[in-house]
Amino acid sequence: MDIKISPSVLAADFANLEGELKKCEAADLIHLDVMDGHFVPNISIGIPVIAALKKVCSIPFDVHLMISHPARYIKEFVKAGADIITFHAECDDGIDETIDEILACGCRAGVAIKPNTPAEAVLPYIDRLSMVLVMTVEPGFGGQSFMESTVPKIAQIRKAAPDIDIQVDGGINFETIKTAAAAGANVFVAGSAVFNSENPQETIEILRKNAQA
């Protein structure tokens, strides 16, 4: 599987997002966390910000919806520039219904699971998905530490779906990326590790090499 690095804008300087994205030209994806203050106890960016960033960034947008009712907003996020939309299995909308809406809009679909949600929650939908996101921290806040307890789920999903992208999000750094990659992950969300580094481009390349190793 190709290794992909997806810097999380949640850790970027919100006063200079265009400049922050230009530091990440080596990235494969740009990870955009959308929080509604209900599904998770935090509020982040929304559709207008994603649409604005799309005008100044050519890297594909990896949009992670941490919201209670993703299905009702899919068309707007696709129109804003989402290339892949990942929503949570634990949301209040039907999983099949939401996947249908994403695919009908011509976008790639992903499903995310929280650290305490078993892999079985996503396995029935594997054939319709481009990606599964295994949260390696509790969703809603950046800067948390990687939860080793999530690693067996990565391996379980990889065994069930050898060809799907498996993304991990939370606490990814030069060391934890090796652990996640060894378990079968190939798409890595890195926020603080990238945007808090002196050289984000170099950090992205080191992350990639460590995952490949």
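**Close-up 1. The lining of the largest cavity.** In this predicted model, the largest cavity is lined by Lys4, Leu29, Ile84, Arg108, Ser130, Met131, Asp165 and Val187. A cavity is a set of points, on a 1 Å grid over the protein atoms alone, where a 1.4 Å probe fits but cannot get out; lining residues have an atom within 4 Å of a point. The largest cavity holds about 50 Å³ of space, a volume being the space filled by probe spheres set on the points. Its lining divides into four nonpolar, one polar and three charged residues. Here Ala, Val, Leu, Ile, Met, Phe, Trp, Tyr, Cys and Pro count as nonpolar, Asp, Glu, Lys and Arg as charged, and the others, Gly among them, as polar.

Residues are numbered from 1 along each chain as its sequence is written, and side-chain values use heavy atoms, with hydrogens and water left out. Local features need pLDDT of at least 70 and side-chain atom pairs count only at pLDDT 80 or more, while totals for chains, interfaces and linings use all residues.

**Close-up 2. The second largest pocket.** About 180 Å³ of space lies in this pocket. A pocket is an open set of points with protein on both sides within 12 Å along at least five of seven lines. Val34, Met35, Asp36, Ile45, Gly46, Ile47, Ile67, Ser68, His69, Arg72, Tyr73 and Phe77 line the second largest pocket. Seven of these residues are nonpolar, three polar and two charged.

**Close-up 3. The salt bridge of Asp28 and Arg208.** The closest N and O atoms of the pair are 2.6 Å apart. A salt bridge is a side-chain nitrogen of Lys or Arg within 4 Å of a carboxyl oxygen of Asp or Glu. Asp28 lies in the loop between helix 1 (17-22) and strand 2 (30-35), and Arg208 in helix 8 (residues 200-212), so the pair ties together parts 180 residues apart in sequence. Helices (H or I, at least four residues) and strands (E, at least two) are DSSP runs, numbered from the N terminus. Asp28 is partly exposed, at 27% relative accessible area. Arg208 is buried, at 12%. Buried means under 20%, exposed over 50%, partly exposed in between (1.4 Å probe, protein chains only). Asp28, Glu205 and Arg208 form a network of salt bridges.

**Close-up 4. The salt bridge of Asp100 and Arg128.** Their side chains meet at 2.2 Å, N to O. Asp100 sits in helix 4 (residues 95-104) and Arg128 in the loop between strand 5 (108-113) and strand 6 (131-135), 28 residues apart.
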